[in-house]
Amino acid sequence: MKYLITGATGGLGGHILDYFIAKVPFSDFAASSSSPSNRSLFESRGVNFRHLDYEDPTTLNTSLNDVENLLFISTNANVVDVEKVMRQHGNVVDAARQANVKHVWYTSLPFGGLTNDSIVSVQQAHLATERMLQESGLTFTCIREGIYTEGFPLFLNWYPETTNITLPADGEIAFTSRLELAECTARLMLHGGFENMTILLTAGETITAKELVHVINETTGRHVELQYVSPEEFVRESELHDKGGKSRVFFEVLASLWKAAACGELCTTSGLMREILGRDPMTPRDAVRQLLVEDRDHTWHQMYASR
C-alpha cells in the first residue's frame, strides 16, 4: 500500500482523502479510522479501509503492515492531556518503526514558526512527537500546518449572535485555509522529498483579532465590538457566560494562545505553500470573507462543548 491516510473522518484528513480519490488510483491508497463501524463510509466510495486505533497497538501493527507512506494526523484527544497525546503518538511511532514504514508524514502545529521554543502548552506534545520521529530511525516529514482559517470563531469565541467580543490580548496570526492545507499536504506526499525535515505551511499574510472583527462587520453588516481585558477577567467572565458550555480550562488555554500570538508565535509565514500549490494561498482576509459570504453565521464545532 503506497499511502495510508489516518484521521480520514476528520476535517483535514477528509479533505486529503478527497484529493487522493480525485488524483490517485484506488489500489494505491487506503483510509483508516479508529471506529470499525466507519468501514462502510469509505468502502461505499471504493476506498480501501483499515481499522487503526492509536490506543490499540494491535490495530496499529495490522494496519501499518506493507504501508510505504503514512499520513500521521495528530490525535484528536484532548490537547490539554499531554500524557495521553504522548502515549497515543508513541504507539504510532513504535508501530511505524516495527512495520518499516518508508516515510511518515506528521501533521504538527505552527506555534513558534520553525523554532522549537514555543511557550504554548498545546505545542509541547507536538514538539515531543517530532523528537520521537527524529530519534526513531524512520524517514519523516513534520508538517507544521497553519492555524485553520475556518476555526477563527474559536479564537474570537464569536457566535453569530455575539455583539461584543472580549479578549486578553491580540497579535498577528497567519490563518490558513484548511482546504488548501489539505491539498498542499496531499501534493507533498505524492511528490515526495523533504526527508527528515520540519516544514511550515501557512498563508502568505497575517491578520489580527481587531482586523477579523472588521471583516465580520464589513461582510455581514454586523456591529460587533472588541475590547481587551486582563487574562484573569477573560477566563472568569468567559467561563461564566459562554454559550457553548466550554470549561474554564478551555479559556485558560485560549488565553495562553493569545499570549503566544501577542509574543509573535503565530506571525511567521512561509512561501513553501505557494511553491507547492503553484499559486498564492488565500489570504486570511479573503478566506474569512468567503466563509461569511457563503454562510454569514459561520461557526466551528469546537465552540460547543457537547459537539
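**Before I start**

I am working with a predicted model, where local features need pLDDT of at least 70 and side-chain atom pairs count only at pLDDT 80 or more, while totals for chains, interfaces and linings use all residues. Residues are numbered from 1 along each chain as its sequence is written, and side-chain values use heavy atoms, with hydrogens and water left out.

**Entry: the domains**

I looked up the domain assignment and found domain 1 (3-145) and domain 2 (147-176 + 203-268 + 278-306). Such bounds come from an automatic or database domain assignment. The centres of the two domains, taken over C-alpha atoms, are 27 Å apart.

Next I checked where they meet. Eleven residues of domain 1 are in contact with eleven residues of domain 2; contact means heavy atoms within 4.5 Å. The size of an interface is often given as the accessible area lost when the parts come together. Here domain 1 and domain 2 bury about 950 Å² between them, 73% of it on carbon and sulfur atoms. Buried area is what two parts lose in accessible area (1.4 Å probe) on being put together, summed over both.

How many salt bridges cross the interface of domain 1 and domain 2? The rule finds zero. It asks for a side-chain nitrogen of Lys or Arg within 4 Å of a carboxyl oxygen of Asp or Glu.

**Entry: the cores**

I then turned to the nonpolar cores, which are sets of buried Ala, Val, Leu, Ile, Met, Phe, Trp, Tyr and Cys residues joined through side-chain atoms within 4.5 Å. For "buried" I use under 20% relative accessible area, for "exposed" over 50%, and for "partly exposed" anything in between (1.4 Å probe, protein chains only).

The largest core has 35 residues, and Phe 152, Leu 156 and Trp 258 touch the most other members. Helix α10 gives the most to this core, with eight residues. Helices (H or I, at least four residues) and strands (E, at least two) are DSSP runs, numbered from the N terminus. This core draws at least three residues from each of domain 1 and domain 2.

**Entry: Pro 153**

Pro 153 lies in helix α6. Is Pro 153 buried or exposed? Pro 153 is buried, with a relative accessible area of 0%. Leaving aside neighbours within four places in sequence, Pro 153 is in contact with Trp 158, His 298, Thr 299 and Met 303. Pro 153 and Met 303 are 150 residues apart along the chain, yet 7.6 Å separate their C-alpha atoms.

**Entry: salt bridges**

The structure holds 21 salt bridges, and I looked at some of them.

- Arg 39 pairs with Glu 43, the closest N and O atoms being 3.0 Å apart. Both lie in helix α2 (residues 39-43), four residues apart, about one turn of the helix.
- Glu 252 pairs with Arg 248, with the closest N and O atoms 3.3 Å apart. Both lie in helix α10, four residues apart.
- Arg 285 pairs with Glu 205, the closest N and O atoms being 3.6 Å apart. This pair links distant parts of the chain, with Arg 285 in helix α12 and Glu 205 in the loop between β8 (197-201) and α8. Arg 285 is partly exposed at 25% relative accessible area, and Glu 205 is partly exposed at 38%.
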